[in-house]
Amino acid sequence: MTPLLSDKQIDIIRNWLGTGSINIFGLPFAGKDTHGNELVSIFNAPALIGGGDIMRNSVISAEAKRIIDAGGLSPSDEYMRTVTPYLQSEEFAGKPLILSAVGRWIGEEQGVLKATEASGHPTRAVIYLNIDEATLFKRWEVSQTLGDRGDRADDAEHALRTRINEFNEKTLPVIEVYRSMDLLIEVNSDADRQEILETILSRLLQLATV
């Protein structure tokens, strides 16, 4: 395995990223939180910003909450009204943003691209952490034993299967849009944690030096 990038190479990525944003997608338990928080630390971003977290911590309709708790994606219009204004928070001004699956329904990516641009955090890259379902369920079983994700209704097995279907049907097309725009970095997330991070950084460096 190659060593982590040098300080000079990280600085190249920082300068390219500027106040832009990186959006991370993947199935549940693909490592979005793990690797997103690593990027937060490396690039001095305010925090990992997850669309689902914003919805769960906002005042939303009872129907949207029911859908989310069951593992589904919230209605697109309510999602966009709730999530995209959050990107304009004053505390984020002048800083890069690391986003976790913001805009997961086909069509929402256009609103997210406009919102990040308008807020001064243009989308610089989109990372897709790719794992298979067998790996997903192994990680889920470990998490259930550890109890390390709190009491999330959408982590129940029946809801998790719904989340997988929603991702395959609604979010994979979003990822393909970003691929067509040459923004996508696809990474095998069934690998050593350090190796995954090194792959992400190496691919970001490639984008930064095109």
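This is a dialogue on how to read some features of a predicted model.

Biologist: What kind of model is this, and how are residues numbered?

Modeller: The model is predicted, so local features need pLDDT of at least 70 and side-chain atom pairs count only at pLDDT 80 or more, while totals for chains, interfaces and linings use all residues. Residues are numbered from 1 along each chain as its sequence is written, and side-chain values use heavy atoms, with hydrogens and water left out.

Biologist: How many cavities of 30 Å³ or more does the structure hold?

Modeller: Rolling a probe the size of a water molecule over the atoms shows where empty space is left. A cavity here is a set of points, on a 1 Å grid over the protein atoms alone, where a 1.4 Å probe fits but cannot get out. Grid points are joined across faces, edges and corners, and a volume is the space filled by probe spheres set on the points. The structure holds one cavity of 30 Å³ or more, and the volume of the largest cavity is about 30 Å³.

Biologist: Which residues line the largest cavity?

Modeller: Lining residues have an atom within 4 Å of a point. For the largest cavity they are Leu73, Ser74, Tyr79, Arg104, Trp105 and Glu108. The lining divides into three nonpolar, one polar and two charged residues. In this scheme Ala, Val, Leu, Ile, Met, Phe, Trp, Tyr, Cys and Pro are nonpolar, Asp, Glu, Lys and Arg are charged, and the others, Gly among them, are polar.

Biologist: What lies over the face of tryptophan 105?

Modeller: A charge sits over a ring if NZ of Lys or CZ of Arg is within 6 Å of the ring centre and within 35 degrees of the ring normal. Lysine 170 lies over the face of tryptophan 105, at 3.9 Å from the ring centre.

Biologist: How many aromatic pairs are there?

Modeller: A pair of aromatic rings is described by the distance of the centres and the angle of the planes. Rings of Phe, Tyr and Trp (its six-membered ring) pair if their centres lie within 6.5 Å; planes under 30 degrees apart count as stacked, over 60 as edge-to-face and the rest as tilted. By this rule there are four aromatic pairs. One of them joins tyrosine 86 and phenylalanine 92: the ring centres are 5.5 Å apart and the planes are at 70°, so the pair is edge-to-face.

Biologist: Where in the chain are phenylalanine 137 and tryptophan 140?

Modeller: Helices (H or I, at least four residues) and strands (E, at least two) are DSSP runs, numbered from the N terminus. Phenylalanine 137 and tryptophan 140 are three residues apart in helix 7 (residues 133-146), so about one helical turn separates them.

Biologist: Which side chain does threonine 123 contact?

Modeller: A polar contact is a pair of N or O atoms within 3.5 Å; within protein, one must be able to donate a hydrogen and the other to accept it, and residues adjacent in sequence count only if both atoms are side-chain atoms. The side chain of threonine 123 makes such a contact with the side chain of threonine 116, at 3.0 Å. Threonine 123 belongs to strand 4 (residues 123-130), and it counts as buried because its relative accessibility is 14%.

Biologist: What is the phi of asparagine 44?

Modeller: Most residues other than glycine have a negative phi. Asparagine 44 has a positive phi, near 55°. Asparagine 44 sits in the loop between helix 2 (32-43) and strand 2 (48-50), and is exposed at 54% relative accessibility. Aspartate 182 also has a positive phi, of about 60°. Its place is the loop between helix 8 (157-180) and strand 5 (184-188), and its relative accessible area of 64% makes it exposed.

How values were computed. On a 1 Å grid over the protein atoms alone, a cavity is a set of points where a 1.4 Å probe fits but cannot get out, and a pocket is an open set with protein on both sides within 12 Å along at least five of seven lines; lining residues have an atom within 4 Å of a point. Buried means under 20% relative accessible area, exposed over 50%, partly exposed in between (1.4 Å probe, protein chains only).
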